[in-house]
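Dear colleague,

Please find below the structure that I am handing over to you. My notes on what was found in it follow directly after.

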Amino acid sequence: MAISLAALVGVSSLKLAKAGVAETTWNQDINWVAVTELEDPQRFLNGGELVLTTGLRLRSAPEQRRFVRQVQRAGAVGIGFGVGLSHETVPPALLAEANRWGLPVVEVPYETPFIAITKLVADAQSADHYAKLERLIAGHQVLARALLTGGGLAELLKNLGGMLRTDVALTQFTAQLFNSGSAHPSADTWASYPVPTGRRDACTLWVRQPFEDTGIIGYAQNLISVELNNMVKQRQAQRALCGQVLEDVIHGALETSEAQRRLAGVGVNSTRKSVVLLAVSAAHGKALGSTSVPHDLEKAVAAVVGKDLVLVITDDGGTAPAVARKLSDHLAEAGIHATIGIGGAYTKPNGLRWSYFEARDAASHGLPVNEPERLSLTSLLLASEDVPLADMAQESLNPLRSFDAAHGSELMATLESYLNNNGSVAAVAEELTLHRNTVRYRLAQITELTGYDPAVTGDRVQLWLALAVARLSARQGK
């Protein structure tokens, strides 16, 4: 271990003797030994040294006092003065100045070479360094074993906190992945260490001050980084598996009993009320599949359906909006710009389907967080892949769009106004500032171009659905 001046004097073979009464740094560890015969060695010292000299150039009392002041200002732990060469004893002026500044002085006899003192201090430093390396390697093994034996991040961080004898925490965006204590980490009382994960998010390891880092934190950062990347791969695989089950349930491809069994297999209890949260991001769809979620959603069943992140939470609908807002904030902090849709709270597999369609319809409203509304007939029809309603809508309306584009007419606007005004020619004429005969002429053109007569109930329903689907498709970006 590192040796102090007091311990050095205690080594009988060196025959050192304490001179003077100063003991300010008597028990402080010696960082190194500096041998000098300069009158002013201050600029060559870093602090913590034992300065050895024979006083070859320190002939006068002023020179001796100045030497002491320079050594003391450099932060040395003491002076070892070799006698029997330039001076038979430690000069009184040097000793008096050292006592004045509280700097210990040791008398080194002529028969004791300075190299013997230097070697002893070096050996002590080496032993200390070796002991620290042994502790560090042992710490590495403990942390690695925590991961390899299945303990995961929690066990690793628990062991890290024990080594540092303080609280540790790990955060990622708004989520707190681990905290060994009850206090929330803050920059004023905790030290923070970034943990790279291959993305710009970089988790943060927090260590509560005070603590002594012997190098174990750097190793822990690397292990945490590896484990977090493993967790990303596990999330992707788990969400893909859950997504296959949810897609079958959403598409109605399973009998009720089979749907219940498969949902239970991925953690969804369909006998209890559940709410679907749907996160949609056109720009960051790929990142949604692997990103972490807030602490409040750690127990939710997460799945990737298409390019969207679906979270199924057990809830009666009361807390879902607040949880959805936390999810939105969490994704935003991760650099993922997403729209969150909330479904209703239902039981049974069919209820889960309904909640999903409500969440998807809500997400189409485009706000950061969108609460559910009553589903329209068109949104339900559009949700069914068995009904090619979007194609039917295009087939019905494209002739009108093409005609308007070619002739600068307003057949689409006229049709919308006619349907919105419940088939009243007079109301359309007033709304569009047209003659009634002009309205009738346009309606005849619509019938000729589409094959559907707006005055006939069945045809009117077809055109109304086509317009409704067109508007819904535009909102959903289809």
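**The second largest pocket**

The second largest pocket holds about 320 Å³ of space. Its lining is made up of 18 residues, and those closest to the centre are Arg235, Arg239, Val293, Leu297 and Glu298. Please bear in mind throughout that this is a predicted model.

Which element gives the largest share of the lining of the second largest pocket? That element is α6, with 7 residues. Helix α6 covers residues 216–250, and strand β11 covers residues 301–305; each of the two supplies at least two residues of this lining. Sorted by class, the lining of the second largest pocket has 11 nonpolar residues, 4 polar residues and 3 charged residues.

**The sheet that includes β11**

Strand β11 also belongs to an open sheet of 5 strands, in which the order is β11-β12-β10-β13-β14 and the pairing is mixed. At the edges stand β11 and β14 (369–370), and each of these pairs on one side only. As a general point, the strands of a sheet pair through backbone hydrogen bonds, and they may do so in a parallel or an antiparallel way. In this sheet, β14 and strand β13 (residues 339–346) are paired in the parallel sense, with 2 bridges. Asn370 in β14 is the bridge partner of Gly341.

Helix α9 (residues 320–333) lies across β10 (274–280), β12, β13 and β14, and runs at about 155 degrees to β13.

**The sheet of β1 to β5**

Another open sheet has 5 strands in the order β1-β5-β4-β3-β2, again with mixed pairing. Why is one side of β1 and of β2 left without a neighbour in the sheet? Strands β1 (17–19) and β2 (32–35) stand at the edges and have a single partner strand each, so one side of each has no neighbour there. From one strand to the next, the twist averages 30 degrees.

- β1 and strand β5 (residues 105–108) run antiparallel and are joined by 3 bridges. Here Ala19 stands opposite Val105 in β5.
- β5 and strand β4 (residues 78–82) pair in the parallel sense over 4 bridges. Gly80 stands opposite Val106 in β5.
- β2 and strand β3 (residues 49–53) run parallel, with 4 bridges between them.

**A hairpin**

Lastly, please look at strands β6 (residues 168–172) and β7 (residues 175–179). Do they run parallel or antiparallel? They run antiparallel, and 4 bridges join them. Leu170 stands opposite Phe178 in β7. The two strands form a hairpin with 2 residues between them, and Phe173 in the turn has a positive phi of about 55 degrees.

With kind regards

Key
Residues numbered from 1 in each chain as written. Predicted model: local features only at pLDDT ≥ 70, side-chain atom pairs only at ≥ 80, totals over all residues. Heavy atoms only, no water. Pairing = 2+ DSSP bridges. Axes fitted to C-alpha atoms, helices over the stretch in contact; angles between N-to-C directions. 1 Å grid on protein atoms, 1.4 Å probe; cavity = no way out; pocket = protein on both sides within 12 Å on 5 of 7 lines; lining within 4 Å. Points joined across faces, edges and corners; volume = space filled by probe spheres on them. Nonpolar A, V, L, I, M, F, W, Y, C, P; charged D, E, K, R; others polar. Contact = heavy atoms within 4.5 Å.
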